[in-house]
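Reader: I am new to this structure and would like to be walked through a few of its features with care. Could we begin once it is in view?

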Amino acid sequence: QIAIKFTNEPPQGIRAGLKRTFSAINQDLLDVSNMPMWKPLLYTVAFLHSTVQERRKFGPLGWNIPYEFNSADFTASVQFIQNHLDECDIKKGISWNTVRYMIGEVQYGGRVTDDFDKRLLNCFARVWFNEKMFDSTFCFYTGYKIPVCKTLEQYFEYIQLLPAIDSPKVFGLHPNADITYQSNTAADVLDTITNIQPKESGAGPGETREAIVYRLAEDMIEKLPPDYIPHKVKDRLIKMGHLNSMNIFLRQEIDRMQKVITVVRSSLNDLKLAIEGTIVMSEASKGYLPPMECCTLSYYINSFSSCIVISLLQNLRDVLDNLYDARIPQVWKRVSWDSSTLGFWFTELLERNSQFSTWIYEGRPNVFWMTGFFNPQGFLTAMRQETTRAHKGWALDTVTIHNEVLKQSKDEIKAPPSEGVYIHGLYLEGAGWDRLHSKLIESTPKILFVQLPVVHIFAVNTT
């Protein structure tokens with residue numbers, strides 16, 4: 001318990017990464033081979049090592065899964081290249097396929113489990129490890145060349161001249177990736193600052209925390225949608241066809257929505273009572289459950305009941321703190337969905353509920369907001385089942401989902417498709433969308449997310 005955890009994190013930036021990599025190299029390793037290809041290959045592996053580590057800071061834009069690349073990968077790659085140069089025939093030259101396979105599939109690729117990450121790593125190996133790397137014009141990116149040096153000091157002098165802050169283009173990323181990274185870093189810092197703020201009400205001028213939260217709770221209770229009445233929902237489903245796969249899906253979604261509405265309403269009402277003083281909500285009220293043998297059964301049952309009450313009080317304290325910080329309380333998040341702020345979350349609650357109530361009481365919508373479902377995969381499966389049943393002789397196992405991005409927006413759709421469903425609410429990250437030609441394009445600078453038009457999703461029999 002008194003030990004100190006020491007973590008050796010990779011430094012930020014290509015310059016710092018190369019410095020650390022070359023500080024672990026000695027002059028003997030530089031001079032281990034007389035072949036002119038040795039030093040450029042060594043530097044390229046070092047550059048790749050810094051690049052794969054640096055991409056991790058960009059989150060899922062850098063790697064789908066953040067891998068723990070470390071110095072062992074670099075050492076193993078260097079050892080392989082040294083052995084390969086020692087054994088290769090001077091007339092035939094380097095076997096680039098072997099080098100690329102060993103780096104992209106074995107040394108660094110051995111850690112990679114995602115197919116798209118493997119493609120990316122092999123792409124780096126294909127572009128950087130070939131005969132062109134020995135040309136004087138070759139560069140990883142503008143200003144990032146392979147230096148011609150004989151000593152470690154010369155390498156360090158060159159590395160020192162590299163920019164302190166790298167453009168995301170050096171790592172093969174769009175400039176927008178840096179905006180995402182900076183935004184996430186700033187959000188983490190602000191979250192940490194918010195978490196360590198004192199939670200008690202101050203005696204200074206202005207509204208207290210409790211008064212602000214009480215007013216917010218009242219406002220939210222007023223806007224909260226009414227509960228679904230089970231027998232009315234059942235009657236509507238029978239009229240619509242309660243055995244239809246899409247209606248079964250709707251019933252499951254309404255059940256989940258009702259659970260969220262119930263949890264939110266009860267916790268807000270309890271919070272109001274706690275702020276008024278009807279329920280005690282102090283940290284001092286925490287207790288413990290005594291051992292069974294130390295007390296009578298009735299005393300034990302009373303203590304058990306009080307422990308349940310204490311758990312509820314802790315939830316109320318969490319709701320109070322999070323509402324004041326405009327964050328989603330944990331007890332709400334457990335039964336619902338994630339969102340960036342409380343305001344967005346509550347707006348989504350109203351919009352999700354609106355889609356369900358419109359569907360059940362007014363009929364099936366022309367366009368579905370697919371990201372407003374608790375289980376969007378279930379929605380697609382229900383659509384597939386519905387299409388399969390509509391065609392005699394089709395089997396569910398042989399029916400696959402296809403899609404087509406339309407040119408219309410949600411408001412321009414006036415009727416549902418003859419087969420399948422129209423959906424909206426999908427966003428692109430890391431790419432733009434050409435509406436005229438219906439294809440992916442490069443991201444527009446400073447625009448991180450692009451909303452897709454309506455998408456027609458339908459099922460096709462593969463046989």
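**Helix contacts and cysteines**

Reader: Which residues in α11 meet residues of α15?

Author: In this predicted model, the α15 side of the contact is made up of Gly 378, Phe 379, Ala 382, Met 383, Gln 385, Glu 386 and Arg 389. Taken together, the residues of this contact divide into five nonpolar, three polar and two charged. On the α11 side, the residues that meet them are Ser 245, Met 246 and Phe 249.

Reader: Is α11 roughly parallel or antiparallel to α15?

Author: Helix α11 covers residues 245-276 and helix α15 covers residues 376-390, and their axes lie 8 Å apart at an angle of about 160°. Angles over 145 degrees count as roughly antiparallel, and therefore α11 is, relative to α15, roughly antiparallel.

Reader: How many disulfides does a search of the whole structure find, and how far is the sulfur of Cys 123 from the closest cysteine sulfur?

Author: The closest cysteine sulfur to that of Cys 123 belongs to Cys 139, and the separation is too far for a bond, because a disulfide needs sulfur atoms within 2.5 Å. The search of the whole structure finds zero disulfides, and for Cys 123 the distance to the sulfur of Cys 139 is 16 Å.

Reader: Is Cys 88 buried or exposed?

Author: Cys 123 has a relative accessible area of 30% and is partly exposed. Cys 88 has a relative accessibility of 14%, and since buried means under 20%, Cys 88 counts as buried.

Terms used. Residues are numbered from 1 along each chain as its sequence is written. This is a predicted model: local features need pLDDT of at least 70, side-chain atom pairs count only at pLDDT 80 or more; totals for chains, interfaces and linings use all residues. Side-chain values use heavy atoms; hydrogens and water are left out. Axes are lines fitted to C-alpha atoms, for helices over the stretch in contact, and angles run from 0 to 180 degrees between N-to-C directions. Helices (H or I, at least four residues) and strands (E, at least two) are DSSP runs, numbered from the N terminus. Angles under 35 degrees count as roughly parallel, over 145 as roughly antiparallel, 65 to 115 as roughly perpendicular and the rest as oblique. Contact means heavy atoms within 4.5 Å. Ala, Val, Leu, Ile, Met, Phe, Trp, Tyr, Cys and Pro count as nonpolar, Asp, Glu, Lys and Arg as charged, and the others, Gly among them, as polar. Buried means under 20% relative accessible area, exposed over 50%, partly exposed in between (1.4 Å probe, protein chains only).
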